[in-house]
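Trainee: I'm new to this structure and a bit lost in it. Could you pick one part, take a close look with me, and then walk outward from there?

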Amino acid sequence: AGCGGGQRRLNAAAAALQAAPPSGVNTALLLGRAGAVRSSAVTNQSNAVFAKLKSPTQATAGQLVEALQQLGAIALEASPEDLEVLAEHPTYRQLLAELTRQLPRDVGERSSWEQAWTPQVLRNLKVLRLPESVDPRLSTRLGNAVVQGASRMDLDTLLHAICDICAVDKRGQGPDDYALWLLGQRLEELCSGSALGELGLSQLVPVLHRFAHPAIRDRVAGRGSSAVLRHVHHGLSTLGPSELATLLQAYEDVPGLVADALAALAIHAGTDAGLGKLGLAEITVVASALAKQEAKVGVVAAAVLRRLRSLLAEDPAASVELAARSASGAAAALAEDDAAGSELLRAALDAIGARVSAGSTDVRLPTEAMVQLLRLELASRSRGVVDAGRSVAAPAWLQSVVDALAPKLGELSPSMLADLAKALAGSRVELGAFLVEALQTAATAQATFLSPQEFGVIAMALAELGVLGREFLEAFDVEAALARELPLAEVAGVVWPMAVAEVDSPIAWSLAASSFEACRKQFRSLPRREKALLYEALKLRANLEAPWAQGTAAAEICSDAAWHECWLERRSEVAPPSPFGDMVEGHLKELGMDFERGVEGEDGLYGMAFRFPKWNFVLDLLAHAPRHPASNRSRGALVLRHRTWAAAERSVLAVPDTMWEQIGERADVSGLEGAEAVQAARHAHQREWLKAKLLGIRREDLIKETDLQEDTVALLKDVQFGGAGGIGKDALKMLQDEPLLVRQRSAEKFVASIAKQGNIRNATAWLIGIIKKEQVAYAKQQEDEKLKRKQEWAAAVETRPAGGWKHEAGRPFAEAEIGLNVSGKVTNALKTRVWADIGFVGDGTFKAKEGRFRVGDELLNLQIASVNVEKNVIECKVTMQTRVQRVGSEPNTQNAKAVAHAKSSAKAKARPRPQAPGGAAAAAVAAPGAAKAKARPR
């Protein structure tokens, strides 16, 4: 055909494609029919068709096609359940099997199959359901039939037939590659036979869109041939926004054409009409194409956001999922400094948020759509925060998205988890720890499925968020990952999180060092950020553990000036100088503190805003908030810095910049007039607050260094430790070494002297003087008490024997048990204190009324109350069962028996006691009055 014929065929194809109902649409609804017929009617009608067909194996091809046509008409009004039942009917399966047998087995086979039957079969099979056991050769042989009749088909008929086969095919078996090659050839012939400008691109675009069917896009080479693309490129300027959107979807896999189509779309976007006629689906297509472009097409992105906002306002039923995808693609195309585009994105997100809030409290969106919304909102709100130390509150609708998303994070793919983790780490929106903890749980559960790159992104984000735990690293098996050959950038993504999580595995660090050796050639190409992270991790490891061996790649990194420069760049980002440094320096000078400002630490990593050399103390001014807003945990970079200082036994006071304003506002400015007076009051309040904090930390350090007892600390609770006018370390250490009474008296007199005399110029010397006086007083008191004890002992019943009070044959004190009943002889008595030999190497002692017991009394059933092995003291007590045999008195029957029983208890336990003659009655006679003695009150 000539060029004019090609245009006519193209017009017919485009019209046919536009008229064709989309796949998956209920045909009954398109025809205006009101629902499906009853199941019994479907069954009866299909059984009638099968009865007329009788045996499919004996039917002709025409009869099979006719029966399939009748079943297709029934299926138009059948329910999905009826179609499932029909698909498993034995006769229906036989029909399909026989139909497969009668179709041509290849394109060259001569058969009785008529070409008019092929579209009929395809049309009806699209309506019917194929059974699971259908012969996979059915779709392939249908493709053979299409190829045999291709010479008599128009392009639109051939394209429809191929697409119908794809719709019928469930296993990817058909059509075969030859049929698809033929389809591409027909397209190329159409374009090759037409001059540029002769084919109307507005009619060609719907045909090309059909060629982008997912089942044939990658198998029809002709759709991307130069003959076709030259017509497309030539006619781009003639297309409207809708046709360009369709073309973008058809050729999203051809980057050059997508870029040209977006450039053409930018012309429309710059007009007054813009993209005002595009629907939400078309907007989503354009936004998806924008997201994949490296070159920023800001004018198109802005037009997409404007149209998106209008659609959300006009259509209450607009899909929030598509809106989220559209906003995400447009946001990716905006430049960082595009203030107008950022405002449009903010407006679009507010419109989406209003739609989410208006829906219900239960957000019902696909998980990926919620992730896109969350990432967009976090990036948009964080972009507007100028002050790095401040965070922003999350809107109510975003919090509802977070609450709905957190339990579903396990459904996300590893790549989506990595994207979400990265977005959270870069966010300044306050979300709470719930989502971050859920992210860590989901990432740990999927750790074995993560690639090293995905793991590095997630681990880095969790470390920055301050929630990285060793469980995630162990689940991923860091050692096994480092044992493989990884790019240096991925190694950096593993090593820095290892440093934050305090991984102390020598194997893991050794494998990391080996990876550096293998990646020396990649040192120059490594991005500066990754260089800085590696430098910090390796330098930190060398400072806290052991230096890297000379000549190794790790040692080379730590000593390289270029790597150190990369680290300084990162340090200026994560720990920039505080704008309150000059103010704090003024406060410290007014307080008379000895300090150094802007000092580089001996670790070679971290700079100290203010260092107090005499105190080994660091004042860290934080321009960034110490806690990450998305997790409410200390940031990983801050944790590393403070851990290094703590290892050097330095105390740290970290003050965020946001606190200075809050402290100043707490000042009492009532009654003050003028801004200068108010500012001076706030300045003084800040200074006193800083003084209290510094001296408080110094106090805790001195208590720890001197090991001062808690009771003494309590007595000196209102006394300043350290600093000008405070008690120094020497006095506190001297006080700690003194006995309790000296400490107590010295502390009390010191506090009393301060209350009486006010401030003391040298509190340390003053306290030392008091301690020395109390030492003298305490020594005199001890001498006096010693003399008094000697005098009291002189009044004891018995004097100390020449060999002392020890009993060499007694049992050791360690064998004494609390609650054990013992017996023995009284050895001495002094007023209310009594001593008795109870069988141990030393006497037991107890208190009793003065004069109740005498030396030589035999005691029975004393009970051990406490044992002090170190001081060789056994404290006993008298109980209701205690009995005494008074020395020099007549023994009564009961006490005599008790004493005899106590002395022979061991022997009595070792052998059975013989039965007394007369049994129990005789025993009662042998101890007359025993029952009365037992009942008599003591």
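Mentor: Let's begin with Ser-515, which counts as buried because its relative accessibility is 8%, and the cut-off for buried is under 20%. Keep in mind that this is a predicted model. You'll find Ser-515 in helix H27, which runs over residues 506–518. Leaving aside residues up to four places away in sequence, Ser-515 touches Leu-482 and Val-491.

Helix H28, residues 528–544, is another one to look at. Of its 17 residues, 13 are buried, so the helix is mostly covered. From its first C-alpha to its last, H28 reaches 24 Å, close to the 24 Å expected at 1.5 Å a residue.

Strands of a sheet pair through backbone hydrogen bonds, either parallel or antiparallel. Here there are four strands in an open sheet, and their order is S3-S4-S5-S8, with mixed pairing. At the edges sit S3 (596–600) and S8 (651–656), each pairing on one side only. If you ignore direction, neighbouring strands of this sheet are turned by 35° against each other on average.

Zoom in on S5, residues 617–622: this strand pairs with S8 in the parallel sense, over six bridges.

Helix H31 (residues 581–591) touches S3, S4 (607–612) and S5, and its direction makes about 10° with that of S4. Helix H33 (residues 657–665) touches S5 and S8, and here the direction makes about 70° with that of S8.

Arg-641 lies in helix H32, residues 636–647. Is Arg-641 buried or exposed? Its relative accessible area is 7%, so Arg-641 is buried. Its contacts, again not counting residues up to four places away in sequence, are Ala-575, Tyr-606, Asp-620 and Leu-622.

Two packed helices are described by the angle between their axes and the distance between the axes. For H33 and helix H34 (residues 675–706), the axes come within 8 Å and cross at roughly 115°. The crossing of H33 past H34 is right-handed. On the H33 side, the residues that meet H34 are Met-659, Trp-660, Ile-663, Gly-664 and Glu-665. Across from them, H34 brings Arg-682, His-685, Gln-686, Trp-689 and Leu-690. Sorted by class, this contact has five nonpolar, three polar and two charged residues.

Last stop: two loops, with a backbone detail to check. Most residues other than glycine have a negative phi, and most peptide bonds are trans. Lys-831 has a positive phi, near 55°, and is not a glycine. Look for Lys-831 in the loop between S9 (821–830) and S10 (833–837). Lys-831 counts as exposed because its relative accessibility is 54%.

Asn-872 also has a positive phi, about 55°, although it is not a glycine. Its place is the loop between S12 (858–868) and S13 (873–877). With a relative accessibility of 42%, Asn-872 counts as partly exposed.

How values were computed: Residues are numbered from 1 along each chain as its sequence is written. This is a predicted model: local features need pLDDT of at least 70, side-chain atom pairs count only at pLDDT 80 or more; totals for chains, interfaces and linings use all residues. Side-chain values use heavy atoms; hydrogens and water are left out. Two strands pair if DSSP finds at least two bridges between them. Axes are lines fitted to C-alpha atoms, for helices over the stretch in contact, and angles run from 0 to 180 degrees between N-to-C directions. Contact means heavy atoms within 4.5 Å. Buried means under 20% relative accessible area, exposed over 50%, partly exposed in between (1.4 Å probe, protein chains only). A crossing is left-handed if the near helix is turned anticlockwise from the far one by less than a right angle, and right-handed if clockwise. Ala, Val, Leu, Ile, Met, Phe, Trp, Tyr, Cys and Pro count as nonpolar, Asp, Glu, Lys and Arg as charged, and the others, Gly among them, as polar. The expected span of a helix is 1.5 Å times one less than its number of residues.
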